[in-house]
Amino acid sequence: MKFFIDTANLDQIKEAQDMGILDGVTTNPSLMAKEGITGKDNILKHYLDICEAVEGDVSAEVIAVDFEGMVKEGEELAALHPQIVVKVPMIREGVKAIRYFSSKNIKTNCTLVFSSGQALLAAKAGATYVSPFIGRLDDIGFDGMELIEEIRLIYDNYAFETEILAASVRHTRHLIACAQLGADVMTGPLSAISGLLNHPLTDKGLAQFLADHKKGN
Ligand code: G3P
């Protein structure tokens, strides 16, 4: 499973990259705003900075909600850097735009996906990635993981090449469940990734090893 970090924070991106396990980055307009990145030039510059900080795909979201606007914005984003993946919302015009980008060999990430039917449409349109938002489904009493399972089954039935990018991952257990269910990629906060490191028996065992080594020397 590929690990993407879901943030526009350069320090966190660099920290994950430094661990040597990062495969890419996802951003969205809320995450960019959270970092105080506003205005077109600053936003494009920030995407470039992110691309320089990591080796893998970097999702950059269009703001337009009409086909022509998405195409214009998406082509501009894609021309910015070869690592850019154009993130497009799961709406009618978005599906058309994904088909268009696919015909131009521009990578896409279909975002705001909350049902397997939407994921099927994204795959039919040729999306590179589909982003089911598991945390937001959990928030309203649905089971985000069931959605990952449904999409995995559908995509496997027809050998769709669209990769399942489990998004809105909130914590380490989400991340592990995504791996169990065969998501191709997960994107989550640094805390969900770092949480994989933790086990009290590791800490206890290491402390013991170091203490024993000290005694013997
Ligand atoms: O990747 C989508 C993600 O940014 C949404 O996460 O935590 O806002 O639901 P969240």
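Modeller: Arg152 and Asp184 form a salt bridge, with their closest N and O atoms 3.1 Å apart (a side-chain nitrogen of Lys or Arg within 4 Å of a carboxyl oxygen of Asp or Glu). This pair links distant parts of the chain, 32 residues apart: Arg152 is in helix 8, and Asp184 is in the loop between helix 9 (172-181) and strand 8 (185-188). Helices (H or I, at least four residues) and strands (E, at least two) are DSSP runs, numbered from the N terminus. The model is predicted, so local features need pLDDT of at least 70 and side-chain atom pairs count only at pLDDT 80 or more, while totals for chains, interfaces and linings use all residues. Residues are numbered from 1 along each chain as its sequence is written, and side-chain values use heavy atoms, with hydrogens and water left out.

Arg152 counts as buried, at 15% relative accessibility, whereas Asp184 is partly exposed at 24%. Buried means under 20% relative accessible area, exposed over 50%, and partly exposed in between (1.4 Å probe, protein chains only). A network of salt bridges links Arg152 and Asp184 with Asp156.

The whole structure has nine salt bridges. Among them is the one between Lys96 and Glu93 (3.4 Å, N to O). Both residues lie in helix 5 (residues 92-103), three residues apart, about one turn of the helix. Lys96 is partly exposed at 43%, and Glu93 is partly exposed at 22%. Another is between Lys215 and Asp212 (3.3 Å, N to O). Lys215 and Asp212 are three residues apart in helix 11 (residues 200-216), and therefore about one helical turn separates them. Lys215 is exposed at 67% relative accessibility; Asp212, at 35%, is partly exposed.

The patch is on the surface and gathers Asp138, Asp143, Glu146, Glu149 and Glu150. Patches are made of residues with over 30% relative accessible area and no salt bridge, like charges being joined within 9 Å and nonpolar side chains (Val, Leu, Ile, Met, Phe, Trp, Tyr) within 5 Å. Lys and Arg count as positive and Asp and Glu as negative, leaving out His and the chain ends. Asp143 lies in the loop between helix 7 (134-139) and helix 8, and its relative accessibility of 38% makes Asp143 partly exposed.

Methods. Accessible areas come from the Shrake-Rupley method with a 1.4 Å probe; for residues, only the protein chains shown count as cover. The place of a charge is taken as NZ of Lys, CZ of Arg, CG of Asp or CD of Glu.
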